[in-house]
Amino acid sequence: MTVTELNNATASEAYKFFEQACAASAWVTQMVESRPFASEAAVSESAISHWSRMNEKDFLEAFDAHPMIGDVSTLRKKFANTQTMASAEQAGTAQACDDTLKSLHALNHAYLERHGFIFIICASGLSAEEMLSALQARIDNNREEEIRIAAEQQLAITLLRLKRALLDKDPE
């Protein structure tokens, strides 16, 4: 979709577009209401600005829409569909050995139990081993710190998804 197409989309279409980038409904609504955008950069600037005003409830709503990294039973199937915005985000798990995936799964469940939400990381370009290392480094943080870090990671994911979804220029 181009920025022009996004600007001309119905509110419902724009909502669905932004919801694929981030599931926090307050953020999505603000993005829809911010149209029209002058450029792709303006979309990103609005995304950052609106995210900065979100609260813990919004963060948790966004986090809840993510698959758990290392979910051995569904992860490989879930990311086989390359047509979705999230398709490449956990590509590093495709080559992971089962032991690494099992460790990710177990540690993510421990993280969920400790913090009350799943581990959020901008996994694009990371191997399963790198994700596991980051999870090991963050699991003992306090909940407040983890919400802050996870919210930063969610913003990175959102910006990446927006960039991938928006065409650089309108067709001529």
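Which residues do ring pairs link into a cluster? Ring pairs connect Trp51, Phe59, Phe63, Tyr111, Phe117 and Phe119 in this way. The model is predicted, so local features need pLDDT of at least 70 and side-chain atom pairs count only at pLDDT 80 or more, while totals for chains, interfaces and linings use all residues. Residues are numbered from 1 along each chain as its sequence is written, and side-chain values use heavy atoms, with hydrogens and water left out.

We can begin with the rings. A pair of aromatic rings is described by the distance of the centres and the angle of the planes. Rings of Phe, Tyr and Trp (for Trp, the six-membered ring) pair if their centres lie within 6.5 Å; planes under 30 degrees apart count as stacked, over 60 as edge-to-face and the rest as tilted. Across the whole structure, the search finds eight aromatic pairs. Trp51 and Phe59 form a tilted pair, because their ring centres are 5.0 Å apart and their planes stand at 50 degrees. Tyr111 and Phe119, in turn, pair edge-to-face, with 5.4 Å centre to centre and 80 degrees between the planes. Buried here means under 20% relative accessible area, exposed over 50% and partly exposed in between (1.4 Å probe, protein chains only). Trp51 is buried at 5% relative accessibility, and Phe59 is buried at 13%. Tyr111 counts as buried at 0%, and Phe119 as buried at 2%.

Helix H3 comes next. Helices (H or I, at least four residues) and strands (E, at least two) are DSSP runs, numbered from the N terminus. In H3, residues 25-33, the buried residues are Trp27, Val28, Met31 and Val32. Viewed down the axis of H3, these buried residues fall within an arc of 135 degrees, so they line one face of the helix; the arc is that of the directions from the helix axis to the C-beta atoms. Their cover includes helix H2 (11-21), helix H4 (40-51) and helix H9 (143-165).

His66 lies in the loop between helix H5 (56-64) and helix H6 (75-78) and is buried, with a relative accessible area of 14%. Contact means heavy atoms within 4.5 Å. Leaving aside residues up to four places away in sequence, His66 touches Ile118, Ile120, Gln154, Ile157 and Arg161. The side chains of His66 and Gln154 also make a polar contact (2.5 Å). A polar contact is a pair of N or O atoms within 3.5 Å; within protein, one must be able to donate a hydrogen and the other to accept it, and residues adjacent in sequence count only if both atoms are side-chain atoms.
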